[in-house]
Structures are given as C-alpha cells and as structure tokens.
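I'm opening my notebook on a new protein model. I'll jot things down as I look them up.

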Amino acid sequence: LPTLWDAGRDRASRAGYVELPVGGVLIVEGAFLMGVGLPFDVEVHLWLSPGALKRRTPEDLAWTLPAYARYDAEADPSRAASLTARMDDPRHPALLYF
C-alpha cells in the first residue's frame, strides 16, 4: 500500500495496492519504528535533543513527550539505526557516529 492514512480526511487511506519494481526503494516514515523487530535493510534516525523536541512539539501534543523519552531510553534508536542525524537545527544536520 502506498499510504495507510489519509491525513486530510483523518481516516484510513483507500489507496490500492502498488507493486514495487525490482530494485525499487520503499521508504517507511513514522515514530517508534525501531526496536520492534521490523526487518529493514537500512534505518535512518533523525535525532532531536530533549530541549529541541520540546520546543518543536506543538503545545496540544506535549503529552507525547514522555513517550519519546521512554522510546529513546528503551529502544535506543540512535544506536539501533544504520545512520543517525542530529536535527536540532534542520539547516545544519550532523551525522552522529557510534
């Protein structure tokens, strides 16, 4: 499925199945995906410091911040990912090496 959710209508997408061609690339975007056993070939984690995450999270979504802190502590996505980019300033991303 090319999409799972129709954000404009706030409901499940009604998109039809699409066959990925040989050599094609599938990009899966979402929060909390690492550390749950999904078999990705390459994972990219976009890391924000707790302060930057708090500043960029809309006030009505501030209740999600403890979940992000727990995910960071338990799944350790920065170490689990193939590549981690520090995104505190999106104009100047920085690769983190472990």
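Is glutamate 74 buried or exposed? I looked it up: glutamate 74 is exposed, at a relative accessible area of 58%. My cut-offs are under 20% relative accessible area for buried, over 50% for exposed, and partly exposed in between (1.4 Å probe, protein chains only).

Before going on, I note that this is a predicted model, where local features need pLDDT of at least 70, side-chain atom pairs count only at pLDDT 80 or more, and totals for chains, interfaces and linings use all residues. Residues are numbered from 1 along each chain as its sequence is written, and side-chain values use heavy atoms, with hydrogens and water left out.

**Overall layout.** I find three helices and five strands in the protein chain. Their order from the N terminus is β-β-β-α-α-α-β-β. Helices (H or I, at least four residues) and strands (E, at least two) are DSSP runs, numbered from the N terminus. I get 18% of the 98 residues as buried.

**Salt bridges.** I count a salt bridge when a side-chain nitrogen of Lys or Arg lies within 4 Å of a carboxyl oxygen of Asp or Glu. That rule gives me four salt bridges. One of them joins glutamate 74 to arginine 70, with the closest N and O atoms 2.8 Å apart. The two sit four residues apart in helix α2 (residues 65-75), so about one helical turn separates them. Arginine 70 is exposed too, at 54% relative accessibility.

Next I looked at aspartate 76, which pairs with arginine 79 at 3.9 Å between the closest N and O atoms. Aspartate 76 is partly exposed at 31%, while arginine 79 is exposed at 56%.

Then I checked aspartate 88, whose side chain meets that of arginine 86 in a salt bridge (2.9 Å, N to O). Aspartate 88 counts as buried at 19% relative accessibility, and arginine 86 as partly exposed at 35%.

(Lys and Arg count as positive, Asp and Glu as negative; His and the chain ends are not counted.) I place glutamate 43 in the loop between β2 (11-12) and β3 (44-47). What is glutamate 43 in contact with, leaving aside its neighbours within four places in sequence? I found Met34, Ala80, Ala81, Ser82 and Leu83, where contact means heavy atoms within 4.5 Å.
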